[in-house]
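Hi there,

Here is the structure I promised to pass on. Have a look at it first, and my notes follow below.

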Amino acid sequence: MATWDVRRLVSLDTYDGVRVDISKQLSPYFACVHSFHLGTSMLPDGKNCSYGFTTQMNDEEGFMMARVDPERGTVDGRIHKALLGGLAMGKLQLGLSSEGQSDQMLGEVDVGAATWTANLKYGSMGGGNVFGCNYFQAVTPKLAMGGEGMYIGANGNMISSYTAKYSFVNENEEATDGATAPGPTEAPSYLAATYNAGQGMLSLNYKRAVTPQRVNIGASLECSPMTLESQVMLGAEFNLTRSKMNVCIDGTGRIQSVLETKLGREQGSPALNFAAELDHGKNVMKFGYGLNIGS
C-alpha cells in the first residue's frame, strides 16, 4: 500500500485489559510466541480472555508463520518465499477453522524493479474466488502513479482504486546537503491522493518527517464527492532513545495514544506498552497495558 505509513500514524492499535507476549528464540531461524489477552471487552461472544500460539521460521529467502487459537479453533498461516533468484516474491496466506465455513486462501506474487512494482493475487474467500492485481510506476523521481483492481466472486463485486503520490525532500535534509542521521533510511515526506471507484471515496494523505528517525506526523482526509461526507484524522510519532510515543485524533473527537518503552538496554530486554482510547462522541473509554518478553 502506497500510504501504509500514514495509516500507521493516524489509526493506532489500542486495546483494553492486559496483553502479554512471551517469545523464545529456539534457534537462529526459529522462534515461538505465547500470546495472552486478559480482562478485555473486545472479543466476540462475550469472552474476556484469549490465548494464541505462534511459530515463525526465517531465512535469507523468506519466512513461514503459523498461529493457532485453541478457543476459536482456528489456524492462520503465511509463507513468503523468494522466487527466480530474488526477482519475485511469492506469498501464500491461509485461514482455517474447525467449522470450515470461513476458510480462506490467498496466493500472491510480487515483482518489481527500480521504478515500478506489481502484484498478482488469486485465492478463495467467503465461498468464492478472488482475483486481483496492482501496478505502481514512478513517472518522475518525485511523482508515482498506479492502480489496483480486485474481483470478489462471492458477491460479484469489482473493486478498483487509483493513486497518485508526490514525494519531496525534507527541509532538514536540504539544510545538511543530503546528509542523514545514522540508522534506517527515513521514508521521504509525501502527499498522496487515492480514489476508490467502488465506494466513490477520495482519500488525501500527507506524511512528513519533521526530524529524521525522531518525529513523524501524518494527516488523512477521506471524503465522498457525491454525499460530501468526510472524516479527518491526524497523528504523530515520537521516537526517543528507549521509548516511542504515538498519538492520533479524528474529526469525531476520538483520541488514541500508545506508549512503548524498553525496560533495559540489552538486546531482548522486555518492553512495556500502555494504550488508551477516549471517544467523546460515544462516551467510551478504554485503557490497557502490555508486556513483551523475549530472548
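Which strand gives the largest share of the lining of the second largest pocket? The answer is strand 3, with 4 residues. (Strands are DSSP runs of E, at least two residues long, numbered from the N terminus.)

Before going further, please note that this is a predicted model: local features need pLDDT of at least 70, side-chain atom pairs count only at pLDDT 80 or more, and totals for chains, interfaces and linings use all residues. Residues are numbered from 1 along each chain as its sequence is written, and side-chain values use heavy atoms, with hydrogens and water left out.

Back to the pocket, which has a volume of about 500 Å³. Of its 20 lining residues, Leu-43, Ser-50, Arg-67, Asp-69 and Arg-72 are the closest to the centre. (A pocket is an open set of points on a 1 Å grid over the protein atoms alone where a 1.4 Å probe fits, with protein on both sides within 12 Å along at least five of seven lines; lining residues have an atom within 4 Å of a point. The volume is the space filled by probe spheres set on the points, which are joined across faces, edges and corners.) Strands 1 (17-25), 2 (30-38), 3 (49-59), 4 (62-69) and 5 (74-83) each supply at least two lining residues.

Further along, strand 12 (residues 189-196) runs antiparallel to strand 11 (residues 157-168), joined by 8 bridges; pairing takes at least two bridges found by DSSP. Here Phe-168 stands opposite Ser-189. Strand 12 also pairs with strand 13 (residues 201-211), antiparallel over 7 bridges, and Tyr-190 faces Lys-207 there. These two strands form a hairpin with 4 residues between them, and Gly-200 in the turn has a positive phi of about 65 degrees.

Best wishes
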